[in-house]
Amino acid sequence: MPGAKFDAITSQVKDWFEKDSTAKIVIFTQYVNSTRLLRYLCEEKGWKYSQITGRMANRSREIHLDRFRDDDETKIMIASIKTGGLGLDLSVANKCILVDLWWNEAVQDQAFFRLWRLGQQRNVECIMLIVKSSIDEWMDSIQKRKAKEIGEIMSQNVLMDRNTLKELLEMFGEVTEDPTTGYRVSLAKSAPEVTPKGTFKGTSKDTSKGPSKGPSKGTTKGKAARSAPPKKRN
């Protein structure tokens, strides 16, 4: 982790605590080594903290979460971004710092929404740390490009395009368009014919001997032949 990020984290946390002594802060990172360095930073500054990472057992996570939620003196939670983004309620906190950007912006948003949940009574502030002329700027540009492309593909205007809507409705039946009332769908009444597995329809053919002149497989023609009675012996 660049030293510039340590300086930024230290400055931001101090500023938040000076403005609100009751503030609780979640620091998200994606690297295990970063969680270790953040622990050292908290210990050096005298900030009481908890942590949750993917390497911790479930019981250990619960202990750290309970301490962060219930202990007023534990004001910082160090969390790996994916572990901290999976179904956790961190609404006791109202500030968060994202130390490392993730490839998928949705993963970051999911982590942020761990704080901004139903029952949150305070304004939530989220900060991302981006170092100039580093991989952070490159990943940030990739995220913005992906978001733009997705927005263009999934925009409301595209989804409401009349041709697109008609194609979707055609999955349910025959579609007719009325200039005044819009589209009308006539649902298919007859069910498609289904051939049960293991039966045959039509005339069976043997390609090696030419077309078969007999009945199709699965049917019987005429009466079954009877076998001659056995001869009696004297």
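Predicted model: local features only at pLDDT ≥ 70, side-chain atom pairs only at ≥ 80, totals over all residues.
## The open sheet

Five strands build an open sheet. Their order across the sheet is S2-S3-S1-S4-S5. The pairing is parallel.

Two strands stand at the edges: S2 (49-52) and S5 (125-128). Each has a single partner strand, so one side of each lacks a neighbour in the sheet. Neighbouring strands are turned against each other by 15° on average, with direction ignored.

## Strand S1 inside the sheet

S1 spans residues 25-29. In the strand order, S1 stands between S3 and S4. Parallel pairing with S3 runs over 5 bridges.

How many residues of S1 are buried? The count is 5 of the 5, so S1 is largely enclosed by the rest of the structure. Ile25, Ile27 and Thr29 point one way from the strand. Val26 and Phe28 point the other way. Residues on both sides are buried. Buried here means under 20% relative accessible area.

S2 pairs with S3 (residues 76-80). The sense is parallel, and 4 bridges join the two strands. One of the contacts between them is set by Tyr49, whose bridge partner in S3 is Ile76.

Helix H2 (residues 32-45) packs on the sheet. H2 touches S1, S2 and S3. The direction of H2 makes about 170° with that of S3. Helix H3 (residues 58-70) also packs on the sheet. Strands S1, S2 and S3 are touched by H3 as well. The direction of H3 makes about 145° with that of S2.

## The S6-S7 hairpin

Strands S6 (residues 173-178) and S7 (residues 182-187) pair in the antiparallel sense. Their pairing runs over 6 bridges. Together they form a hairpin, with 3 residues between the strands. Thr176 stands opposite Arg184 in S7.

## Summary

The open sheet has parallel pairing, whereas S6 and S7 pair in the antiparallel sense. S1 is largely enclosed, while S2 and S5 stand at the edges. H2 touches S1, S2 and S3, and H3 touches these strands too.

Note on methods. Residues numbered from 1 in each chain as written. Heavy atoms only, no water. Pairing = 2+ DSSP bridges. Axes fitted to C-alpha atoms, helices over the stretch in contact; angles between N-to-C directions. Contact = heavy atoms within 4.5 Å. Buried < 20%, exposed > 50% of the residue type's maximum accessible area, 1.4 Å probe, protein only.
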